[in-house]
Amino acid sequence: MITLPGERKSQEPGEGSTWFTSTLDYLVNWARGNSLWPLPFGTACCAIEFMSMVSSHYDISRFGAEVVRFSPRQSDVMIVAGTIVDKMAPVMKKIYDQMPDPKYVISMGACATSGGFYRAYHVVQGIDEVLPVDIWVPGCPPTPDGLMYGILKLKEKIERGELDR
Ligand code: SF4
């Protein structure tokens, strides 16, 4: 019997106890969603807002996603924060490929999502041309709260098993 945070400890049957039953998949996804290790792929101004989000003021550690890693081997969510030019796209893809499964991608801001206001031949017009994006965070730049909301939405999708692959 496992007691999750916020659940009452179970008692013996017949004592008015509350029983919690689940599947192994649910528990694994619950653990994954609550222990995300972000890899920031910051290339421009959006990365500054990412830095704010991991500061003590916003305190992303409340949701278990404060262990920022700069090694793809130790990360499971890539946060692309900034403009991606054509020369950089293969590098970004290579780093993504080096992350172990299961792994997720958050596109942070207008530039990563659609090229932003850089309607130029050398700018990737949306990182979904290169990576499988799971969460889009709008804004130029998104606020730290907005990015945090995106991480919470990613956590929910993982827990619901929508991103099992
Ligand atoms: S979306 Fe705006 S804030 Fe973010 S990298 Fe592009 S120009 Fe900078």
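The following numbered points describe a predicted model of one protein chain.

1. Overall architecture. The secondary structure of the protein chain comprises five helices and four strands. Along the sequence, these elements follow the pattern α-β-α-β-α-β-α-β-α. Of the 165 residues in the protein chain, 39% count as buried.

2. The pair of strands β1 and β2. Strand β1 covers residues 38-42 and strand β2 covers residues 77-81; the two pair in the parallel sense, over five bridges. Within this pairing, Pro40 stands opposite Ile79 of β2. The chain passes from β1 through α2 to β2, and this β-α-β crossover is left-handed. Strand β1 is mostly covered, since four of its five residues are buried.

3. The nonpolar core. The largest nonpolar core contains 22 residues. Those with the most contacts inside it are Leu36, Ile79, Ile106, Leu147, Ile151 and Leu154. Two or more residues are given to this core by each of α2, β2, β3 (104-108), β4 (135-137) and α5 (144-159). Helix α5 gives the most, with five residues.

4. A nonpolar patch on the surface. Ile48, Met51 and Val54 form a nonpolar patch on the surface, and together they have about 260 Å² of accessible area. Met51 belongs to helix α2, which spans residues 46-53.

5. Gly33. This residue lies in helix α1 (residues 24-33). Is Gly33 buried or exposed? Gly33 is buried, because its relative accessible area is 1%, and buried means under 20%. Gly33 and Ala65 are 32 residues apart in sequence, while their C-alpha atoms are 8.9 Å apart in space.

6. Backbone features to check. Most residues other than glycine have a negative phi, and most peptide bonds are trans.
   - A cis peptide bond joins Asp101 and Pro102, with omega about -5 degrees; Pro102 is in the loop between α3 (89-97) and β3.
   - A cis peptide bond also joins Cys140 and Pro141, with omega about -5 degrees; Pro141 is in the loop between β4 and α5.
   - Asp59 has a phi near 60 degrees, a positive value in a residue other than glycine. Asp59 is found in the loop between α2 and β2 and is partly exposed, with a relative accessible area of 28%.

Conventions: Residues numbered from 1 in each chain as written. Predicted model: local features only at pLDDT ≥ 70, side-chain atom pairs only at ≥ 80, totals over all residues. Heavy atoms only, no water. Patch = residues over 30% accessible without salt bridge, like charges linked within 9 Å, V, L, I, M, F, W, Y side chains within 5 Å. Areas by Shrake-Rupley, 256 points an atom, 1.4 Å probe, with all protein chains shown as cover. Salt bridge = Lys/Arg side-chain N within 4 Å of Asp/Glu carboxyl O. Buried < 20%, exposed > 50% of the residue type's maximum accessible area, 1.4 Å probe, protein only. Pairing = 2+ DSSP bridges. Right-handed = clockwise from strand over helix to strand, strands pointing away. Core = buried A, V, L, I, M, F, W, Y, C linked by side-chain atoms within 4.5 Å.
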